[in-house]
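Hello,

Here is the structure I promised to send over, with my notes below it. Have a look at the model first, and then read on for what turned up.

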Amino acid sequence: MSLPRQMDLSNKLSRQLSGIPRSGIRDFFELVIGRSDVISLGVGEPDKPTPWPIREAAIRSLEKGQTSYTSNLGLESLRVAISEYVAGQFRVTYDPKTEILVTVGVSEALDLAFRAVLDPGDEVIYHQPCYVSYGPSITMAYGVPVPVNTRLEDNFALRAEDVEKAITPKTKVIALNFPTNPTGAIEPPEELEKIAQLCVKHDLLCFTDEIYSELLYDGGQHKSIVEFPGMRERTVLLHGFSKAFAMTGWRLGYACAPAVLREAMMKIHQYCMLCAPIMSQVAALEALHQGTTVIEPMRQSYEERRNFVVRRLNEMGLSCFNPGGAFYVFPDVSSTGLSGRDFALKLLEEKSVAVVPGNAFGPTGEKCVRCCYATAPDLLVKAMDGMEEFVKSRKVA
Ligand code: PLP
């Protein structure tokens, strides 16, 4: 019996896909799969499961048989709770009926936002190094990604003057994410204010990804660009439950936006997603009821771990600034004579510690690696010990 001839399907794929690189994180983690000996500082997610009261609320709702679709917009009770939470966190109010959409993670919200506003050729400015999905999501929405480099010497804050230089008649959106994945950078309010003024002056939209906004350290208070004059009416605020509430697997996020933008995003969401899963929405409602009661202990423990990791990295001779938020550090490893990529590969090979090469987040991360410190403290100690031995061995060589 002859096997069916393999069809070449590659020429059937969308041309748009050819502009999209494979994720540098994914490439690297294929090397780690199946290796139980590896300590991973690679994946950007909390080490602890979702706090129990949140899990319990979902279990109870499943016991009651709540397994249906919800409104496309998300449960009304959840949208009301989101509106109250956002008013407290960002000092901006949104109407739960017309200005809030519950989504499948911030990932879906970002995708919807780009697809809702971009026409072919429209440019989106965003800061780099940045979260790996921004460039590809813009490309998939037929937009043109315009990364603006941030610098190690500025602790990866974004300079408004660099943003201004990148603005062209085709610019439609400025996308921001502070605190930032992968650097942990926070944006000085003076710079944020200047970027807000640029948005208003050039009549640009702004998408602000606030997924790490609860995870601030050293007593820092979060300030979002949406709070500046003239910004609420041109901003899509994207937020979710994955990081601060340790709910990555529930896949729940939301977008808050002026009604016209929310409606445009909803148009896409209703056909491609219908609604976010009801059990996750019930869990998210409980998460918002719990609020700081569950967030604060996790935040404090990340702060302790950040202090430990930054101290150890600097002591071993890797220059690492003290990031003000999120749960990442982004040390410069060039003193070892290695690029971030070679450092990550050799560290994995020799010490079984996994970190992500900085260039996975854009070329300005080339000298750096990203380490996620939302990892159990005993494993963090082992990872830092392994890294120190590795760095010392490079210096002798
Ligand atoms: N935005 C940033 C900056 C992230 O770091 C991540 C995940 O790492 C996401 C969005 C995706 O979030 P979600 O799990 O809500 O889809």
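In these notes, helices (H or I, at least four residues) and strands (E, at least two) are DSSP runs, numbered from the N terminus. This is a predicted model, in which local features need pLDDT of at least 70 and side-chain atom pairs count only at pLDDT 80 or more, while totals for chains, interfaces and linings use all residues. Residues are numbered from 1 along each chain as its sequence is written, and side-chain values use heavy atoms, with hydrogens and water left out.

Let me start with the ligand. A residue counts as near it if one of the residue's heavy atoms lies within 4 Å. The shell around the ligand consists of Gly105, Val106, Ser107, Tyr131, Asn177, Asn181, Asp209, Ile211, Tyr212, Ser242, Lys243 and Arg251. Helix H4 (residues 105-117) gives the most to this shell, with three residues. By class, the shell has four nonpolar, five polar and three charged residues; here Ala, Val, Leu, Ile, Met, Phe, Trp, Tyr, Cys and Pro count as nonpolar, Asp, Glu, Lys and Arg as charged, and the others, Gly among them, as polar.

- The side chain of serine 107 has an N or O atom 2.5 Å from a ligand oxygen.
- Asparagine 181 places a polar side-chain atom 2.8 Å from an oxygen atom of the ligand.
- For aspartate 209, an N or O atom of the side chain is 2.6 Å from a ligand nitrogen.

Taken alone, the ligand exposes 400 Å², and the protein buries 93% of that (accessible areas by the Shrake-Rupley method with a 1.4 Å probe).

Where does the ligand sit? It sits in the largest pocket, meaning that more than half of its atoms lie within 2 Å of the pocket's grid points. On a 1 Å grid over the protein atoms alone, a pocket is an open set of points with protein on both sides within 12 Å along at least five of seven lines, a cavity is a set where a 1.4 Å probe fits but cannot get out, and lining residues have an atom within 4 Å of a point. The largest pocket has a volume of about 900 Å³, a volume being the space filled by probe spheres set on the points, which are joined across faces, edges and corners. Its lining has 39 residues, with Ser23, Ile25, Tyr131, Val132 and Ser133 nearest the centre.

The whole structure also holds one cavity of 30 Å³ or more. The largest cavity has about 40 Å³ of space, and among the residues lining it are Leu176, Phe178, Glu210 and His222.

Finally, a few backbone details. The peptide bond from phenylalanine 178 to proline 179 is cis, with omega near -15°, and the one from asparagine 181 to proline 182 is also cis, with omega near 25°. Asparagine 155, although not a glycine, has a positive phi of about 55°.

Best wishes

Key
A polar contact is a pair of N or O atoms within 3.5 Å; within protein, one must be able to donate a hydrogen and the other to accept it, and residues adjacent in sequence count only if both atoms are side-chain atoms.
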